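Please look through the sequence and the model before reading on.

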Amino acid sequence: MCIACKLMEHVICSAIMNHADQYNILYPLQHGFRARISCETQLIDMINNTVSNMQQGLQTDLCVLDFSKAFDKVGHKRLVEKLKWYGVDGEVNSWIREFLSGRSECCS
């Protein structure tokens with residue numbers, strides 16, 4: 001990918017994340033793909049909660065899901081419409097639609 005495309009991708013991503021933060025769109029407990037929190041902070045929270053429950057004699061249930069290749073299965077048209085529903089519209093939405101047009105993605 002060219003440098004200009006990477007830069008534009010970064011600008012668009014920042015705009016979308018700022019929009020999501022401003023309007024509290026993301027689930028509050030989501031740790032992945034967010035500033036200052038990560039999968040590691042999610043793990044720390046889970047361990048903290050488990051230890052706290054153990055100290056109080058409470059049961060902790062855990063369900064682990066593996067969404068393998070989940071990003072490979074997101075329909076581009078549906079993604080663009082979902083972004084519009086969340087208020088990401090206008091030029092940003094048009095740029096994303098054009099960027100995704102005729103593309104396929106592969107995660108490895």
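Is W95 buried, exposed or partly exposed? With a relative accessible area of 24%, W95 is partly exposed, where buried means under 20% relative accessible area, exposed over 50%, and partly exposed in between, computed with a 1.4 Å probe on protein chains only. This is a predicted model, in which local features need pLDDT of at least 70 and side-chain atom pairs count only at pLDDT 80 or more, while totals for chains, interfaces and linings use all residues. Residues are numbered from 1 along each chain as its sequence is written, and side-chain values use heavy atoms, with hydrogens and water left out.

Helices here are DSSP runs of H or I with at least four residues, strands are runs of E with at least two, and both are numbered from the N terminus. The buried residues of α1 are I12, H19 and A20. Because they cover an arc of only 100° around the axis, they are on the same side of α1, the arc being that of the directions from the helix axis to the C-beta atoms. On the other side of α1, the residues I3, K6, L7, H10, N18 and Q22 are exposed. The buried residues of α1 pack against α4, which runs over residues 90-100.

H19 lies in helix α1 and counts as buried because its relative accessibility is 18%. Not counting residues up to four places away in sequence, H19 touches I25, Y86, G87 and V88, where contact means heavy atoms within 4.5 Å. A15 is also placed in helix α1, but it counts as partly exposed, at 35% relative accessibility. Between A15 and F33 there are 18 residues in sequence and 14 Å in space, C-alpha to C-alpha. Just after α1, N24 takes a positive phi of about 50°.

I96, leaving aside its neighbours within four places in sequence, is in contact with I12, I16, V80 and L83. Just after α4, G102 takes a positive phi of about 75°.

In soluble globular proteins, nonpolar side chains tend to be buried together. A nonpolar core is a set of buried Ala, Val, Leu, Ile, Met, Phe, Trp, Tyr and Cys residues joined through side-chain atoms within 4.5 Å, and the largest one here has 7 residues, namely I12, V80, L83, V88, I96, F99 and L100. The elements that give two or more residues to this core are α3, residues 76-85, and α4, and the largest share, 3 residues, comes from α4.

The aromatic rings complete the picture. The structure holds 2 aromatic pairs, where rings of Phe, Tyr and Trp (its six-membered ring) pair if their centres lie within 6.5 Å, and planes under 30 degrees apart count as stacked, over 60 as edge-to-face and the rest as tilted. The rings of W85 and Y86 have their centres 4.8 Å apart and their planes at 85°, so this pair is edge-to-face. The rings of W95 and F99, in turn, have their centres 4.9 Å apart and their planes at 15°, so this pair is stacked. W95 and F99 are 4 residues apart in helix α4, and therefore separated by about one helical turn. W85 counts as exposed, at 65% relative accessibility, whereas Y86 counts as partly exposed, at 33%. The charged end of K82 sits over the ring of W85, 5.9 Å from its centre, a description used if NZ of Lys or CZ of Arg is within 6 Å of the ring centre and within 35 degrees of the ring normal.
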